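User: I'm new to reading protein models, and I'd like to go through one with you. Can we take it question by question?

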Amino acid sequence: MNQKETIWRGDFLVFLLISLLYYINNYMLNPIIAGYSESLGGSGQMIGLISGAMSAVALFFTPVSGPLADRLDRKKLAVFSFCLLLLANVGYTMAGNVWILFACRVIQGFGFSFSSVILSTVVSTMFDSAYVGKALSIYTMVQAVGQALGPSVGLMARDSLGYRLTFGIDVVLMAVCLALILFSRNFGSKPVRKGSFRISLDSIFLVRLLPVAVTCFVCGLVLHVIQSYLDPFAALTGHTAGVNVFFTVYAGALLVSRAVLTRWMDRLSLGTFVLFCVPLTVLGLVTVQFQASWPVLQLGAVLCAVGIGSMQTMSQVFLVKNAGEDQRGVANSTYYMGMNLGHTLGGYLGGVWIAGSSARWFFLYFIVFAVLPLLCALVFRRMYFSVKKVA
């Protein structure tokens, strides 16, 4: 791809459409699963089990999906994973009890563990290395649009149509995605690595880039804490003004910041982004902790979106660009393993600490985690502040 060419090709536009529908589907499901579980008679423990089942299953299978994406036909893997997601959505529309719902959630987690890695690997192999950062940044912008639209569409559809018809919409979305994948002529480059898959740590995880995986872990942890515990935190403190639009503002700021920073993803080092993003994240957590009015809370949403969102995207770009052509799948699975581990630990610690502290200093506790990428950047300066491929 020479300098006169553009990434805005037809195959890339089709890929972005698939990604948009995929993320709208995911974010439509997230805010209504717990309510659906309760409507089927689920206990509090069962509701929590169903809610966390997808991330737990994804964390378990993600180490397998990356290496497979480097060896097998990515289009066939995508068809396989989207068939699982379609099956899960069909199951949601027919679920008559919480155990069927739980089974569907497990199937969704299995499909999600492959689909997310496959999509990230495909977009990172569509273009030359010089354009990977820009392509991934645009891809994550589409993810931000799905994050902004999905929850609102899901909640409005549930309120007007009910749970089953809302899940029916998700069935249509996944069916369209599957059709677009089947008829897509270019779904990323063909895998470079050949031969059988031998299980080893290096084959499923980029060990030499472990400090960067720590940054991914922190992004997943802080993001999950904000997404899952802002509402109960606001209820405990009595400062509920603006909570209902917090994530819309967050997603909007995420979209704008990624659009602005896209051109810098291939030019600046990860360390430069960390120096910029960590203080914003810390300030965002402080703002959310002490907010007592609508404007202050929305300022916290903007600070967290720019801080966490930019650092999250840049860490993925860094892993992909330093993995080599034959390990793009492993790079993306490394990224998602870090993120999923952060989601899992963030959910657990958040529940323990908000119950034990009654929300006193709740978000401030997580500043300890938020500064870890800065410590990694200072200790591993050569890795973090290099704009070239790290040996």
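User: Where does Phe380 lie?

Analyst: First, a heads-up: this is a predicted model, where local features need pLDDT of at least 70, side-chain atom pairs count only at pLDDT 80 or more, and totals for chains, interfaces and linings use all residues. Residues are numbered from 1 along each chain as its sequence is written, and side-chain values use heavy atoms, with hydrogens and water left out. Helices here are DSSP runs of H or I with at least four residues, strands are runs of E with at least two, and both are numbered from the N terminus. Phe380 sits in the loop between helix H16 (372-379) and helix H17 (381-384).

User: Is Phe380 buried, partly exposed or exposed?

Analyst: Buried means under 20% relative accessible area, exposed means over 50%, and partly exposed is in between (1.4 Å probe, protein chains only). Phe380 has 38% relative accessibility, so it counts as partly exposed.

User: Which residues of H10 are buried, and why do they line one face?

Analyst: Helix H10 covers residues 243-261. Its buried residues are Val243, Phe246, Tyr250, Ala251, Ala253, Leu254, Ser257, Arg258 and Leu261. Looking down the axis of H10, they line one face because they fall within an arc of 165° (taken from the directions from the helix axis to the C-beta atoms).

User: And which exposed residues are on the face of H10 turned away from its buried side?

Analyst: An α-helix has 3.6 residues a turn, so residues three or four places apart point the same way. On the face of H10 turned away from the buried side, the exposed residues are Asn244, Val256 and Val260.

User: What do the buried residues of H10 pack against?

Analyst: Contact means heavy atoms within 4.5 Å. The partners of H10's buried residues are helix H6 (132-161), helix H9 (210-237), helix H11 (270-290) and helix H12 (294-321).

User: How far apart in space are Tyr22 and Leu119, C-alpha to C-alpha?

Analyst: Tyr22 belongs to helix H1 (residues 10-29), and its relative accessible area is 0%, so it is buried. Leu119 is among the residues Tyr22 touches, not counting those up to four places away in sequence. The two are 97 residues apart in sequence, yet C-alpha to C-alpha they are separated by 9.9 Å.

User: What is the relative accessible area of Thr121?

Analyst: Thr121 is in helix H5 (residues 98-124). Leaving aside neighbours within four places in sequence, Thr121 contacts Ala69, Arg74, Arg328, Gly329 and Asn332. Thr121 is buried, and its relative accessible area is 0%.

Methods. The expected span of a helix is 1.5 Å times one less than its number of residues.
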